[in-house]
Amino acid sequence: MSIFLDLFITFFKIGLFTFGGGYAMLPLIQKEVLNHGWMEIEEIINFIAVSESTPGPFAINCATYVGMETGGFLGAICATLGVVAPSFVIILIVARIYKQFQESKIVKGC
């Protein structure tokens, strides 16, 4: 499997199964990064520091940093899209369901 697909799938799983924001994702990110051999523990400490000091959501910063370090610019894009995609899909589903119920007479109270 290519590094880009591996980055996308790994961060997709992290984004899909972790609730509570970026800091809740941190143990899973650390485990996955170490298991894949993408970074050593010292590098993980560095990426946490960089991710906390840069503007933007922590989980996206982490994914972008790991992707950039392991797969360059394209790796950063794949990891970032992977961590964002589950939330995006869930919001699309909720919006679709909301739109259907918005027209309901029961919801309108008529």
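1. The protein chain has a radius of gyration of 17 Å, whereas a compact globule of 110 residues would have one near 13 Å. The model is a predicted one. Along the principal axes, the C-alpha atoms of the protein chain fill a box of roughly 60 × 30 × 20 Å.

2. Five helices and zero strands make up the count for the protein chain.

3. Of the 110 residues in the protein chain, 34% count as buried, that is, under 20% relative accessible area. The accessible surface of the protein chain is about 7000 Å², and carbon and sulfur atoms hold 68% of it.

4. Contacts in the protein chain between residues at least 6 apart in sequence were also sorted by separation: 51% of them join residues at least 24 apart.

5. Helix 3 covers residues 41-53, which is 13 residues. From its first C-alpha to its last, helix 3 reaches 19 Å, close to the 18 Å expected at 1.5 Å a residue.

6. Which residues of helix 3 are buried? They are Ile44, Phe47, Ile48 and Ser51. Seen down the axis of helix 3, these buried residues fall within an arc of 105 degrees, so they line one face of the helix. They pack against helix 2 (22-36) and helix 4 (58-102).

7. The face of helix 3 turned away from its buried side carries Glu42, Ile45 and Ser53, which are exposed.

Key
Residues are numbered from 1 along each chain as its sequence is written. This is a predicted model: local features need pLDDT of at least 70, side-chain atom pairs count only at pLDDT 80 or more; totals for chains, interfaces and linings use all residues. Side-chain values use heavy atoms; hydrogens and water are left out. Helices (H or I, at least four residues) and strands (E, at least two) are DSSP runs, numbered from the N terminus. The expected span of a helix is 1.5 Å times one less than its number of residues. Buried means under 20% relative accessible area, exposed over 50%, partly exposed in between (1.4 Å probe, protein chains only). The arc is that of the directions from the helix axis to the C-beta atoms. Contact means heavy atoms within 4.5 Å. The radius of gyration is taken over C-alpha atoms; the globule rule is 2.2 Å times the number of residues to the power 0.38. Accessible areas come from the Shrake-Rupley method with a 1.4 Å probe; for residues, only the protein chains shown count as cover.
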